[in-house]
Amino acid sequence: MAQTQAANDIKLSLTYHPAQAAIFDHPAKVKVIVKGRRFGLTRGYANHAIESMLGGIDSILWVDTVNSNIDRYVERYFYPVLRDLPSQYWTWRQQKKELTIFDSKLDFRSADQPERIEGFGYKLIMLNEAGIILNDRYLWENAILPMTLDFNPDIYIGGTPNGKNLFWDLATKAQDDQDPKYKNWKHFHFTSYDNPFISKEEIDVLAADLPEIVKQQEILAEFLDDASSVFRNVSAAIDLAMVPLQAPEPGRTYFMGVDLAKHVDFTVINVLDDTGRQVHFKRMNQLDWNYQKQLITESAQLCQANGCLDSTAIVDPIF
């Protein structure tokens with residue numbers, strides 16, 4: 001438990017699990033975090049960003065995959081914490097993707113247009129989903145590295161492996177104890193099992209139905225030679241936390257729509273309540289039908305939802 005005191009004696013409590021704390025308590029300037037899915041890095045990033053802003057770090061950059069994910073993270077990880085602060089002390093500008101707490105600013109930027117990130121200096125830089133966003137070397141070499149000249153910022157480079165791309169290269173450098181250029185770098189490796197809030201049994205069930213190569217990459221966080229080309233969309237395939245399940249409320253009606261696909265397109269599970277509010281969402285591809293059926297059934301049962309399932313051609317047996 002880390003206690004952070006803001007202006008006017010406002011206190012905010014931020015919680016880290018032990019593996020998260022090991023990352024954020026380490027003194028290294030550049031930290032490369034290789035982790036399995038659902039380890040909890042994004043939540044840890046959010047807590048650390050808030051803690052840093054309340055501690056007076058006034059310029060922070062968070063780079064992620066796409067803007068829709070950024071909006072989702074702000075709603076899921078930032079709002080529940082910031083609601084404990086008086087509303088006049090913080091502002092979220094969704095259009096600009098800018099969060100302000102007192103005088104500190106956090107800029108969120110999408111990696112799909114890295115040229116828009118250039119030209120600014122930051123005291124803390126956080127790269128999320130590094131296995132995906134560092135497929136483009138331009139982001140690191142042309143946008144991020146020049147920023148380090150102004151303030152010598154702390155840099156967090158974290159994500160799940162996606163083949164041996166630039167993320168793998170940086171993780172390898174962070175393990176080099178001989179090269180003085182990397183003396184202030186630190187390599188971390190965590191699997192999905194290192195999140196104490198997810199049971200080992202739950203992960204075992206997921207892993208049992210995954211191809212071995214997917215398990216090695218997505219659960220055990222191993223860099224594989226061909227994973228990025230064979231499983232190009234695998235990060236979305238088993239990211240089960242895109243919209244976390246909200247417990248059904250008595251007296252409410254829930255509707256689940258399922259669009260089925262196996263190889264090229266995505267299977268999508270979407271659950272809405274009777275006001276049209278999304279309460280649950282998963283998408284997956286390149287996963288066996290048996291595992292997809294399990295996820296569909298679990299979603300319907302947990303949400304107590306009426307279902308509407310695609311039934312055409314190849315997906316008729318699933319229906």
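**Hairpin, sheet and ring pairs**

Mentor: In this predicted model, strands E12 and E13 make a hairpin with four residues between them, and Gly276 in the turn has a positive phi of about 90 degrees.

Trainee: How many bridges join E12 to E13, and in which sense do they run?

Mentor: Six bridges, and the two strands run antiparallel; E12 covers residues 267–273. One example is Val271, which stands opposite His280 in E13.

Trainee: Which sheet are they part of?

Mentor: An open sheet of four strands, in the order E13-E12-E11-E14, with mixed pairing.

Trainee: And which strands stand at the edges?

Mentor: E13 (278–284) and E14 (305–309); each has a single partner strand, so one side of each is left without a neighbour in the sheet. On average, neighbouring strands here are turned by 15 degrees against each other, direction ignored.

Trainee: Is E13 mostly covered or mostly open, then?

Mentor: Mostly covered: five of the seven residues in E13 are buried.

Trainee: What about E14, in which sense does it pair with E11?

Mentor: Parallel, over five bridges, with E11 spanning residues 254–259. Within that pairing, Tyr254 has Ala305 of E14 as its bridge partner.

Trainee: Changing topic to the largest nonpolar core. Which residues touch the most other members?

Mentor: Phe78 and Leu99, out of 36 residues in that core.

Trainee: What is Leu99 in contact with?

Mentor: Leaving aside neighbours within four places in sequence, the contacts of Leu99 include Met53, Phe78, Leu82, Trp90, Trp92, Leu106 and Phe108. Thr91, Ser104 and Lys105 are also among them. There is a second, separate core of 29 residues, which includes Ile157, Phe167, Tyr182 and Trp185.

Trainee: How many aromatic pairs are there in the whole structure?

Mentor: A search finds 16. One of them is Tyr89 with Phe102, a stacked pair at 4.7 Å centre to centre, with 25 degrees between the planes.

Trainee: Where do those two lie?

Mentor: Both are in loops: Tyr89 between helix H3 (67–82) and strand E5 (90–93), Phe102 between strand E6 (98–101) and strand E7 (104–110). The pair therefore ties together parts that are 13 residues apart in sequence. Phe102 counts as partly exposed, at 24% relative accessibility.

Trainee: And Trp92 with Phe108, what sort of pair is that?

Mentor: Edge-to-face, because the planes are at 90 degrees, with the ring centres 5.6 Å apart. Trp92 lies in strand E5 and Phe108 in strand E7, so this pair ties together parts that are 16 residues apart in sequence.

Trainee: Which lysines lie over the face of a ring?

Mentor: Lys123 lies over Phe151, at 5.5 Å from the ring centre. Lys186 lies over Phe188, at 5.7 Å from the ring centre.

Trainee: Back to phi. Which residues other than glycine have a positive value?

Mentor: Arg38 is one of them, near 65 degrees, and Asn152 is another, near 50 degrees.

Trainee: Where are they?

Mentor: Arg38 is in the loop between strand E3 (30–35) and helix H2 (41–54). Asn152 is in the loop between helix H5 (137–151) and strand E9 (154–159).

Trainee: Buried or exposed?

Mentor: Arg38 is partly exposed, with a relative accessible area of 28%; Asn152 is exposed, with 51%.

How values were computed:
Residues numbered from 1 in each chain as written. Predicted model: local features only at pLDDT ≥ 70, side-chain atom pairs only at ≥ 80, totals over all residues. Heavy atoms only, no water. Pairing = 2+ DSSP bridges. Axes fitted to C-alpha atoms, helices over the stretch in contact; angles between N-to-C directions. Core = buried A, V, L, I, M, F, W, Y, C linked by side-chain atoms within 4.5 Å. Buried < 20%, exposed > 50% of the residue type's maximum accessible area, 1.4 Å probe, protein only. Contact = heavy atoms within 4.5 Å. Phe/Tyr/Trp six-rings, centres within 6.5 Å; stacked < 30°, edge-to-face > 60°. Lys NZ or Arg CZ within 6 Å of the ring centre and 35° of its normal.
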